[in-house]
Amino acid sequence: MSRRGKERAIVIWLSGVCLLITLMVAIGGITRLTGSGLSITEWAPILGTLPPLNEKDWEIAFGMYKASPQYIQVNSGMELGSFKWIFFWEFIHRLLGRFIGLFVFLPMVGFWMKGLLTRPLFQRVFIGFLFGGLQGALGWFMVKSGLIDRPSVSHFRLAAHLGLALCLLAYFTNLTLRVKAGEFFARPHENLSRTRAPIGFWVFTALFVFQIIFGAFVAGLKAGYGFNTFPLMDGRFFPGNAWALEPTWMNVIENPSLIQWIHRSLGWGLLFSGIYLFWKMVTRSDGREGSLAFKPGSHLAVGIFAQFLLGVATLLSGVAIPLAVVHQFGAACLVILWVRFHFHLTRIPH
Ligand code: HEM
């Protein structure tokens with residue numbers, strides 16, 4: 001196979017991985033928002049591939065759920081039919097996780113045996129695969145926190161699970177772009193040389209990372225169900241009970257009102273940086289001759305604007321499921337746009 005043919009096959013495969021992770025993030029959102037995440041009370045990576053296949057198996061799975069705090073405190077009296085519905089989403093989420101694992105592993109071995117993967121590329125895909133396995137374990141670690149005494153998962157573990165999913169997405173997106181540019185096939189510096197991203201980019205990145213963490217806290221603490229007005233919160237800029245917990249610092253990580261306020265404020269920060277970025281990109285005033293980053297930069301800026309509006313719409317709707325799912329999906333799309341912008345910002349054609 002020609003070098004270009006090899007690259008194309010690997011780019012298609014890795015793009016498929018990115019697409020599946022993005023889909024997985026959206027299905028994770030549906031699972032959380034439909035209250036389905038605690039319906040399967042065991043972790044059976046191999047045996048769990050099959051759902052209950054007869055009434056007896058369903059009764060066993062339902063019986064285990066009936067012993068969980070979510071059933072006892074929130075869903076007592078639930079019928080088997082409703083249980084099957086929440087089970088469906090959690091099952092699909094886990095099944096897709098296994099499928100992504102195979103989708104990475106099998107072609108990785110096949111390409112490697114055919115000599116299509118260079119050693120550094122094989123190593124990188126393998127590392128991604130291992131972290132994918134860790135993500136499965138982290139998912140279970142999160143679910144376990146909701147099976148002990150309270151009927152919801154720890155928002156810290158939820159943030160870790162969402163955070164690792166988005167890191168994996170960023171990792172595979174970056175790998176895809178690098179393969180596409182020929183960086184693993186003996187022509188690393190054929191057309192492009194590398195440079196550093198400016199400090200402004202990293203300031204923006206810090207805002208973006210904190211926004212995702214606080215978004216996950218808002219989701220995990222169900223903080224989006226309070227203060228469904230915008231831009232003020234109950235007629236005030238700053239919520240009255242923002243410092244209700246003791247000690248004071250605890251409010252930053254545990255108080256839903258303050259956490260929602262932080263997520264809104266970081267949203268404003270990102271919106272203004274997005275406007276600034278857009279202006280820089282359309283006026284082509286980033287000071288770099290022939291930069292490849294103008295288009296990806298303006299796409300990222302437009303993405304931030306859309307995500308801001310989606311966040312506001314989610315809040316005003318009282319967290320309507322379709323809007324909240326699209327907001328979660330939007331965060332994954334922004335990660336892709338952010339990696340793409342970084343990639344082009346740090347490559348200069350010669
Ligand atoms: C502009 C950049 C923004 C980013 C990158 C972002 C990102 C996130 C992320 C990652 C989550 C957690 C998962 C989920 O989406 O449900 C989240 C949740 C949430 N965000 Fe944002 N967000 C942004 C702006 C906003 C704004 C401006 C608002 C409202 C004023 C907002 C309101 C919400 C709400 C209510 C939730 C919880 C939704 C739920 O419970 O499912 N977001 N956000």
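Which residues coordinate the iron atom of the ligand? In this predicted model, the iron atom is coordinated by the NE2 atoms of His263 and His327, at 2.1 Å. The site of the iron atom is octahedral, and the angles among its 6 donor atoms run from 87 to 179°. For comparison, ideal angles for six octahedral donors are 90 or 180 degrees.

The two histidines sit in separate helices: His263 belongs to helix H9 (residues 256-282), while His327 belongs to helix H11 (residues 321-345). Because of this placement, the pair ties together parts that are 64 residues apart in sequence. His263 has a relative accessible area of 18%, and since buried means under 20%, His263 counts as buried.

Helix H10 (residues 294-316) packs against H9 and also crosses H11. The axes of H9 and H10 are 9 Å apart, and the angle between these helices is about 150°. Angles over 145 degrees count as roughly antiparallel, so H9 and H10 are roughly antiparallel to each other. Their crossing is left-handed. The axes of H10 and H11 come within 9 Å, with a crossing angle of roughly 160°. H10 is therefore roughly antiparallel to H11, and the crossing of H10 and H11 is left-handed.

Helix H5 (residues 119-144) packs with helix H6 (residues 155-180) at an angle of about 165°, and their axes are 9 Å apart. This angle is why H5 and H6 are described as roughly antiparallel. The residues of the contact of H5 with H6 comprise 18 nonpolar, 5 polar and 3 charged ones. H5 passes H6 in a left-handed crossing.

The peptide bond from Phe230 to Pro231 is cis, with omega near 5°. Pro247 is also in the loop between H7 and H8, and a cis peptide bond with omega of about -10° joins Glu246 to Pro247.

Which residues of this loop have a positive phi without being a glycine? Lys222, in the loop between H7 and H8, has a positive phi of about 55° although it is not a glycine. Phe227 lies in the loop between H7 and H8 as well, and Phe227, likewise not a glycine, has a positive phi of about 50°.

Notes: Residues are numbered from 1 along each chain as its sequence is written. This is a predicted model: local features need pLDDT of at least 70, side-chain atom pairs count only at pLDDT 80 or more; totals for chains, interfaces and linings use all residues. Side-chain values use heavy atoms; hydrogens and water are left out. Axes are lines fitted to C-alpha atoms, for helices over the stretch in contact, and angles run from 0 to 180 degrees between N-to-C directions. Helices (H or I, at least four residues) and strands (E, at least two) are DSSP runs, numbered from the N terminus. Angles under 35 degrees count as roughly parallel, over 145 as roughly antiparallel, 65 to 115 as roughly perpendicular and the rest as oblique. A crossing is left-handed if the near helix is turned anticlockwise from the far one by less than a right angle, and right-handed if clockwise. Ala, Val, Leu, Ile, Met, Phe, Trp, Tyr, Cys and Pro count as nonpolar, Asp, Glu, Lys and Arg as charged, and the others, Gly among them, as polar. Donors are N, O and S atoms within 2.8 Å of the metal (3.2 Å for Na, K and Ca); water is not among the atoms, so sites may look incomplete. Four donors count as tetrahedral if all angles lie between 85 and 135 degrees; four count as square planar and six as octahedral if opposite donors are over 155 degrees apart and all others between 65 and 115; anything else is irregular. Buried means under 20% relative accessible area, exposed over 50%, partly exposed in between (1.4 Å probe, protein chains only).
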